[in-house]
Every structure is written in structure tokens, then in C-alpha cells.
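Visitor: Could you walk me through this structure, one question at a time?
Guide: Gladly; have a look at it first.

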Amino acid sequence: MGRGAWNVIVFVSIFVIFPLVFLFASFPPSFEISKYTSLILMNIFQAAVSAAVALVGGITISYFLSHRKISPFLRSIIHSISKVSFIFPGVSMALGFLIVFGKNGILNQILNPFGIHINILYTFLAVIIGHAFYNIPVVLYITGTSWEKLSGEIIEAAEIDGATPWRIFSSIEVPILIPYLISSYLMAFLYSFTSFAVVMTIGGFRYRTLEVEIYSKVSMLDFRGASTLTLVQMLIVAVAATAASILKNRDFPSGYPKFRKKGTLSPILAFVFLSGILLPMLSSLLYGFANQNAFKLLFERGWDFLGMGFFRITFWSFSIAIPAALISTVVSTSSGRASSHGRILSGIFSSIPTAVSTVVLAFAYLSVLIKFLTEELSPISLVILHASIALPMSHRIMESGWMTVPRYIEEAAEIDGANKIQTFLFVDFPIILPAMIRAFTLSIAISLSELAGVLILSGGKFLTFSSAVYRLMSSRHFLEATALNSVFVLIVLGIFFLGEFLTQRD
Amino acid sequence: MKRLVFILLLVTVLSFSNLVVYTYDSMVSGLAKDIAPIFESFYGEKVSFVSFGDAGKALSRLIIEGEKTKADIILGLDQNLLLKAEKYGILMKYKPVNYTKIKEALRPKEYLATPFDYGSIAIVYNTKTVKNPPKSFKDLLDPRFRRKIVVEDPRTSSTGLSFLLWTVAVYGEKFTDYWKKLKENLLTITSGWDEAFEMLERGEADIMVSYLTDGAYSYYYYKSTKFLPTVMKEGMFVQIEYVGIVKYTKKLELAKRFIELMLSDYVQEKIPLRQWMFPVTDVKLPEVFRKHVPKVEKILELDPKEISKNLNKWINEWEEALGM
């Protein structure tokens, strides 16, 4: 076992496993879950349907990308959208849905002159649409990339044999891609199953997730109930996350893609689904800027209500995000190396936080803070929480980064007498730097976007961008929320694209 | 990293070196703005108002923090949340010097906390979208109000808890039957009053559980009566808000002064137009209150001992009725 594996094992053991063990020891879960049966079943059903719709949307866009020859610029834009979804703040997405689908929202303003009025907020449909459009990019990210790389030779061979496009799709492409389709379905299921901000905002009381219910139970001091639901959620999430992870690493016949120009259905459907993704995102980004009163109100009464201004919110947001990103990048740099050298435990431990939702981990931290430490450490606990939740993704990036380091160069350096530090600094570091930058910026974006942990651990004593937007939008300061949100989304996107730009040569 | 940790700790500690008051959102953006400067000029000490959304959440936070809390005062508990605070033993008894200024009917017997305002909760509706408003609990079940009503969660909101108790006062043990029917007309349940009022103002909901003074509020700020309360024929339910000293305070003298300040004419005169509630002392009411707050003929009451004994049971039954 390499040193890198030990680092991540120690980190995850101390900051993820121990708090959870402590939580369950302090508040033993009750096994009388019959009270929660309908909630659990509804949560599973909602996530299953949301993921199915996301899968259909994702497949449609993936099909379009892998079968149509389009400009590289348009292709890169669609890929960027799929990546952005991973870091687009949940609270901003929810705000986007309110702006678009609200009773007086954009959609109704367009449709009302035609006598049509849509009233879907707080319904099952709203939750499904919200989650589906939020997760289509996840499907696109996992499936689309593989589909585009699918060897064109196989398709050509089938065409020569007289296969119709449907036959090629159903008998060749889908069977080859099935592990990726299942994996992306499971990821979309997981995101929908543990959804927080979207459900809190547009879900209403009928369609809560376990994540939201755990948060409510913690707020109401029902720690035993929260602990019970935590255990149920962890079991379901662990099964789905493990299956998704196993399936995603399957090999498949890659090669040069084969593009066609036939058919108009796939571009039209792809356009519809892409619009569904982009409309809430763009509305969320632009609404505050477009409404001249929004910023005026934010400065007149928004800061006053929040009890702090833009600079203090920025200070708190980055005081948590930067150290969290540093920790996540450092830990994943060593764990990624271990994984690239075949250390299985490193991969397993770094993916454990995926199986533990943010609310659950924040709840566990809170129980440790109350018992052993002081609540004044809550900003530090948030740093560690955010580092933990960013770890799985930054580990994946760093593992890929380490894969690009040729083993023979390291060996040559060692033969030349370089010690491990010298080898790392002068051989490995320049090669993995782009991956480190990407892991760092992505971790910052994840931390800035996170809401549930901040709500639980900040204790109302400080605000980050996401919690400030949430507080404004849920307390009669909607316009102010849109203004702050526009700036917030701009910052998150700016950081994300800066990372992409700096690592273009990767 | 160590330096950053130190700075973070320092900022956190410095933020709480003054009198700390746990409260709810609208207090921070309202009355607190009047209290903070006057408290500072009187006593030379700053006062920080920390909000957790609704009063129920502020109380929960205080209970979670226990003796490690930085809070000296909790502001905005109603008579029902006060029972919970009493159960957890987190308040210090204090009989204010100005006790006799409090209207006799509102004077607390146990001195656990001091009332600072009161008012009736009410069903409030948007006059533009609801032409024939509900006048009774039965009317609220009318299918024309399907998915138009928003109520607050009694587990986190003092307004929501008062509404739950109001239904208990009207229907007794059969209140769950009422909620099962009302569920069909609920658009959603919010965690606090602010969130619900936001929905009413934004036009997402047409009816909400709010306060009898909302018509006066609407007239005062918008010179219109867009939102009006309706007086329910079964009777109304009064909510009293309290301010209490946290048992673990290290600034007891300052905390006592804060309580006295809440009963001063200065703060009591601000109550109507800041809190949109009635003052607990005999100060003059603004004209908008006299003209635009409907008269209440019948007040419903529940025995505090009954509430204390049954509250958890009622909340559990409410959860079951709504499938929560």
C-alpha cells in the first residue's frame, strides 16, 4: 500500500467514518421505520422517475452529438453545459425554476396571451422537471463522451450489412453503451434522491426527500429520527453509488466516430432538452442583472437584512472554499497517485463521501462539535466538510492526471539519484499541475455552491453566497435574492471556466 | 493554515463579544433596527441580533447549543414555544421592574419570560385573486381554494404552531380530520412566516396563515388593501410573543436591561408599525391600527396545561394526518 493510500484512508476515517460512527453511537437509529415508509418510497419513486426522464433527455442529446456532424464550437458549448451542471449551485437552479415556472414566471408571461396558464410549482411534475433538467447534463457527461468515441467501424459494418438506423441504435449502440447508460441513470438517481435545494424550494411538503427530512429533523431536535433516516439513506445511496462506480469503468470498443447528417428529429429533441437545461440556468444568471430594482433593493435593504454586506459574505465564502479546496486537492493528489498505481483502497476510500450525503455529514459534525468541541469551530468544520464532499470528484481528476505521468520518466529520475521529493517537484508536478488546478477550482466551485452543510453548521452566525441567497429568497426579499444570485453564479462560473482555461493544454 | 484558523476563530469570537439576541428573520429587518442603537446609546454596549429563520428554529438552536451558547436573550417565543423552552430549562426567571406596566391579562405568572407584543393570527387573502374570502374553517375546505393556501410548519414556526392549536381549539380531538381535508387545498407548508408571506406577495399563493393586522400593514405601506385578514366565525386565536433571558448568560445585568427596554414606551410605541402586533403596555396606537384592524368578537383559548401535556401528541397526529 503506497503512502498516498494511507493519506486518504486517514483523512476519510477521521473526517467521514468517525463522525458517522459517533453520530450513530450518540443517537442510535430506531429500527421502527414503518412511520417513514411512505416518505422513503416516495423518495425512491421520485428519484427513479426523475432519473428516467433525465436519461431520455441525456440519450437524446448524446445521440445527436454522436451522430451529427456539428461545429466544434457548438459541440464544446454543449459539453461545457454538461460540465457546468456539476457545479451549478442547487439554490441558484431552484431560483431559476421559480423565475421560469412561477405563477408570474417567464413561461406564464409568454403563454398567458394565448390563454394558457401553467401552475406546476410544488407538484410532483415540478420536482420531476427540476431534477430531470438538472440531471440531463450528468447523463450527457457520462454517456455522451463514450458514445462520441464509439468506433465508427462497427456502425459502418452494420450499415453495409443493411441495418436500419433504429436497428443499429437498438442492437449495437445501446448494448455496448448499456453499462454507461445504467451508470448515468444511477448517478441521476443519486442526485435526485439526495436533492436538497431544489426540493426545499419547489417540492412542497408532499415530495420531500430524505435529505430534506433529515435537515428538518435536525432543526427540530429530533436527532433519533434524523439518525434513523440517515441510516436508511446511507444504505440506499451506498448501493446505488457502488453500482454506478463499477459500471462506469467498463471497457468498450472506441475509435473514430461516424457522423451522419440524416434526420431532423434528434436535433429538434436535443434543442428542446437543451433549452430545458439552459432556460433556468440563464434565467438564474441574468434575472438579477436584467431587473433594475433588484440591485437597488439589495443595497437598500438586502445587506441590512442579512446583517452583512457583499465583502463579508465573500470573505466567509472564500475563507471556507479556499482551504477546503486546498485540502481536497492535496489529499486527492496523493490518493490519485496511489489509485493510478493500482491501489484499490485509495479509490474506495476517496469515493466513500459520495455515499454519505452532505446533510448527513453536517449532522454528524454537529453532533461531534456539540459533544467534544465548541460551536466556534463551525467554520473549520465546514472547511473539512466541503473538502470531504469535493474529494470524490477531485480524486477522479487527479487519478486521470497521474495516468498521464509516464512511469519511465520517474524511474529515470530515480536512477539519476533524485529522491522522492525531487522526483515529485521536478518530474511529476509540471505534468500533473493542470489536473491540480482543475481539482482546486472545481473544489472551490463545489464549496461555494454547497447549501445544506452551511445551513446546519453555520448556526446563522455567518453566511456564504448560497446561504445568503437562500435566506433572501425565503424571507420576502426575492428580488434581492435574484441580484445576489446573479453575482454568485457569475463568480462560480468564472472560477470554473478559469480552471478550464488554465488547463486547456492538459 | 494555522494562521487562517486563528483569524477565523478571532473573527467568530469578536462577532459575539456583545449582547447576543437569538430571534427570527422579520425581527432583524424590523424592530431590531430601533432597539440596537437605543440600547447602545443607553448602556454603551452593542447588541447583535442573530436570526435562524423562525422563532422555533432559534429555540431549537439554543437547545442544541445548551450551556455553550453565546446567546444572552431569546426574543420572539410565543406562548406555545415558551412551553418547550420551559421543558428544556434554558430560560432564567426574571420579574421585570416594569412588570405592572404590562396589561393585566397578559402578565406572566411564572416570570419565565416577559411578553412584549400580542395579536391575533388570522387567515389572510389576496383581494385581487380571492373575491369571496373564507369566513370560517369550513370555508377553507372549499374546492375553489384547491392548492391556493399556504400554512407554516408548526414544528418550526410559531405562527404555524398557533394555527395548529387554533384548529385544536375549534375541532378538539377531531382536528386531524380537518387537516386531512385541508391538505387537498394546501399549496405547500413553509418552515416560517416570512417564506409564506413571500409567496403571497409574489402571487404564488392566494391565502395564508398570518396576522389580523395585515390589512393595516397593506394600507400603511401600499395605500391599498391588497391583503386582508378575515375574521373567522368560530373565533380567533391570540398569540403572545415573549422575550426571555438565557440561563447561561454571562451578561445578566445587560440582559435584564434589555428586558426593561422592551417594555419601555420607546419600544412599545414602535411595536405596532414595526411588528404589526399590539403593544403589551398602554401606549397610544397609531391611527392605521384603529381604522384598519378588524374587531374581534370571540377569542378562543386553550388551557396551557393541556397544551403542555398534549403538544407532542398533537404534532405527531398532525404529521400523520398530512403524511409528513
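This is a predicted model: local features need pLDDT of at least 70, side-chain atom pairs count only at pLDDT 80 or more; totals for chains, interfaces and linings use all residues.

Visitor: Let's begin with chain A. How many helices and how many strands are there in chain A?
Guide: Chain A has 506 residues, and 54% of them count as buried. Its C-alpha trace spans about 70 × 65 × 50 Å along the principal axes. As for secondary structure, the count for chain A is 22 helices and zero strands.

Visitor: What is the radius of gyration of chain A?
Guide: For 506 residues the globule rule gives 23 Å, and the value for chain A is close to that, so chain A is as compact as a globular protein of that length. Among contacts in chain A between residues at least 6 apart in sequence, 84% join residues at least 24 apart. The radius of gyration of chain A is 23 Å.

Visitor: Which helix gives the largest share of the side of chain A that touches chain B?
Guide: The contact takes 30 residues from chain A and 37 residues from chain B. On the chain A side, the elements giving two or more residues are helix H13 (292–306), helix H14 (310–340) and helix H17 (378–403) of chain A. By class, that side has eleven nonpolar, twelve polar and seven charged residues. The largest share, three residues, comes from H13(A).

Visitor: Now chain B. How far apart do the C-alpha centres of domain 1 and domain 2 of chain B lie?
Guide: The domain assignment of chain B gives domain 1 as 2–117 + 240–284 and domain 2 as 119–238 + 295–322. Where these two touch, 17 residues of domain 1 of chain B are in contact with 20 residues of domain 2 of chain B. Their C-alpha centres lie apart by 26 Å.

Visitor: Which element gives the most to the side of domain 1 of chain B that touches domain 2 of chain B?
Guide: Helix H2 (25–28), helix H4 (55–65) and helix H5 (79–88) of chain B are the elements that give two or more residues to that side. Its residues divide into seven nonpolar, five polar and five charged. With four residues, the element that gives the most is H5(B).

Visitor: Which residues touch the most other members of the largest nonpolar core?
Guide: This core has 249 residues, and it draws at least three residues from each of domain 1 and domain 2 of chain B. Leaving aside neighbours within four places in sequence, the contacts of Phe363(A) include Leu23(A), Ile214(A) and Ile456(A). The residues that touch the most other core members are Phe363(A), Val469(A) and Ile73(B).

Visitor: In strand E7 of chain B, which residue is the bridge partner of Val151(B)?
Guide: Five of the five residues of strand E7 (residues 186–190) of chain B are buried, so this strand is largely enclosed by the rest of the structure. Strand E6 (residues 149–152) of chain B pairs with E7(B) in the parallel sense, over four bridges. In E7(B), the partner of Val151(B) is Ile189(B).

Notes: Residues are numbered from 1 along each chain as its sequence is written. Chains are lettered from A and ligands numbered from 1 in the order in which they are written. Domain bounds come from an automatic or database domain assignment. Two residues are in contact if their C-beta atoms, placed from the backbone, lie within 7 Å. Ala, Val, Leu, Ile, Met, Phe, Trp, Tyr, Cys and Pro count as nonpolar, Asp, Glu, Lys and Arg as charged, and the others, Gly among them, as polar. A residue is buried if 20 or more other C-beta atoms lie within 10 Å of its own, exposed if 12 or fewer, and partly exposed in between; C-beta atoms are placed from the backbone. Two strands pair if DSSP finds at least two bridges between them. A nonpolar core is a set of buried Ala, Val, Leu, Ile, Met, Phe, Trp, Tyr and Cys residues joined through C-beta atoms within 7 Å. The radius of gyration is taken over C-alpha atoms; the globule rule is 2.2 Å times the number of residues to the power 0.38.
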